[in-house]
Amino acid sequence: MSELGSEEDRLRRRRAHDVARILESLHVEGSDVDPEGMAIAQRYVDGEILIDELTAAIEARSTDAS
């Protein structure tokens, strides 16, 4: 059972790394992510949505904010 937990931990860390890269990219482009955007990112880290859904949602929010 601990193997499953460690695999889940690795996957969660990977997702958090993906989010950090996306947020860094947005920051470099001059966009900031609001609390709702961070909530969307947390849903990805928690495994509730896929990377494509995260990217689309964050891009849509940054476009709306412009």
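A: Arg 12 counts as partly exposed, because its relative accessibility is 38%; by this scale, buried means under 20% relative accessible area, exposed means over 50%, and partly exposed lies in between, with a 1.4 Å probe and protein chains only. This is a predicted model, in which local features need pLDDT of at least 70 and side-chain atom pairs count only at pLDDT 80 or more, while totals for chains, interfaces and linings use all residues. Residues are numbered from 1 along each chain as its sequence is written, and side-chain values use heavy atoms, with hydrogens and water left out.

The side chain of Arg 12 forms a salt bridge with that of Asp 46, with 2.8 Å from N to O; the term stands for a side-chain nitrogen of Lys or Arg within 4 Å of a carboxyl oxygen of Asp or Glu. This pair ties together distant parts of the chain, since Arg 12 belongs to helix H1 (residues 2-28) and Asp 46 to the loop between helix H2 (35-45) and helix H3 (51-65), 34 residues apart. Helices (H or I, at least four residues) and strands (E, at least two) are DSSP runs, numbered from the N terminus.

Five salt bridges are present in the structure, and another of them joins the side chains of Asp 18 and Arg 21 at 3.3 Å, N to O. About one helical turn separates Asp 18 from Arg 21, because they are three residues apart in helix H1. Asp 18 counts as buried at 10% relative accessibility, whereas Arg 21, at 43%, counts as partly exposed.

Arg 43 and Glu 48 also meet through their side chains in a salt bridge, with 3.4 Å from N to O. Here Arg 43 is partly exposed at 40% relative accessibility, while Glu 48, with a relative accessible area of 51%, is exposed. Salt bridges can also share partners, and in this way Arg 14, Asp 18 and Arg 21 are joined into one network.

Side chains of opposite charge can pair when their charged atoms come close. Arg 15, which is found in helix H1, is buried yet has no salt bridge, and the nearest side chain of opposite charge, that of Asp 18, is 6.7 Å away; in this count Lys and Arg are positive and Asp and Glu negative, with His and the chain ends not counted. Once its neighbours within four places in sequence are left aside, Arg 15 is in contact (heavy atoms within 4.5 Å) with Tyr 44, Val 45, Asp 46 and Gly 47.

Of its 66 residues, 23% count as buried. Among contacts in the protein with a separation of 6 or more, 62% are between residues 24 or more positions apart.
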